[in-house]
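Biologist: Could you walk me through this model and tell me what stands behind the labels?

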Amino acid sequence: MTNDPRIAAAPISWGVCEVPGWGLQLHPARVLGEMRELGMSAAETGPEGFLPDDPAALRDTLNSYDLRCVGSFVPAVLHDADYDPRPQIRVALERLAVSGGDVLVLAAATGTDGYDSRPVLDAHAWRTLLTNLDRIDALVAEQNIVAALHPHVGTMIENRAEVLRVLEDSSIGLCLDTGHLLIGGTDPGEIAENFGDRIRHAHLKDVRVDLAQRVQRGAATYTEAVAAGMYVPLGAGDARIEHVVSTLRENGYDGWFVLEQDTILTDDAAADDAAADVAVSMSFLRRICRPAVV
């Protein structure tokens, strides 16, 4: 088992999200400041526009809070044969290269805002998507950065069959997101156990399975379920976080564990609650990552 886990945070745990109308969007100074107050030493960059677009300014902003850059979440349309996503990826790579980020976290975007609906791909669109995954994987590797595809509710890679198809038919590594996998009908423990060699990055969320099942049945949208409290502090839900983390570590995983709990803020009191939940989750994560005493 590795003894020096790399733990980081993401702005979405403070409600910062790229979806229009998602909720109260906090100023970066508050989010980054609270990350440091809670003992974080590293962070993902959050959605486009949250932190500076200029790569050097991004690096300097994070440095001013003694935070190192982990990586960036990059939603890109991958299934449209008339669209080449690589120019968008190159821009993201430049930001990561200058700011010191390790991981480009790629999502197969639908091309529309939000995560509450998605189209069905035909065979041609699937071939285009898989080809783009391999092209992007190679492009990112040229910069000594890791590409990790993020299965995500409301994107083109959401459910178990889609995740397994990517694993079988492409070479790109995965971002194991415990929450989005579970909500999409995939056991994150199964992925950790059986595909450890493909895991390049990890997002940790804990989930109320009753609300996740409502999303699966179409009884609630993803946004509605998040607003209803689908995500809970690590250790309080049904995603078997301790099992996933221990399995990855036993299999030699040495990437990042990023606390990334989607939340929707309505006011400053909700923002205070979000920071309190982050504190609980980080305490849980540090405890389960502590080296065993022998």
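Biologist: Which residues of helix 10 are buried?

Modeller: In helix 10 (residues 241-250) the buried ones are I241, V244, V245, T247, L248 and R249. Buried means under 20% relative accessible area, exposed over 50%, and partly exposed in between (1.4 Å probe, protein chains only). Helices are DSSP runs of H or I with at least four residues, numbered from the N terminus. This is a predicted model, where local features need pLDDT of at least 70 and side-chain atom pairs count only at pLDDT 80 or more, while totals for chains, interfaces and linings use all residues. Residues are numbered from 1 along each chain as its sequence is written, and side-chain values use heavy atoms, leaving out hydrogens and water.

Biologist: What follows helix 10?

Modeller: G252 does, with a positive phi near 90°.

Biologist: Why is Y222 called buried?

Modeller: Its relative accessibility is 1%, and the cut-off is under 20%, so Y222 counts as buried. Y231, at 10%, also falls under that cut-off and therefore counts as buried.

Biologist: What makes Y222 and Y231 an edge-to-face pair?

Modeller: Their centres are 6.4 Å apart, with 70° between the planes. Rings of Phe, Tyr and Trp (its six-membered ring) pair if their centres lie within 6.5 Å; planes under 30 degrees apart count as stacked, over 60 as edge-to-face and the rest as tilted.

Biologist: Which residues does M230 touch?

Modeller: Among them are I183, L211, V215 and Y222, not counting residues up to four places away in sequence. Contact means heavy atoms within 4.5 Å.

Conventions. Helix = DSSP H or I, 4+ residues; strand = E, 2+ residues; numbered from the N terminus.
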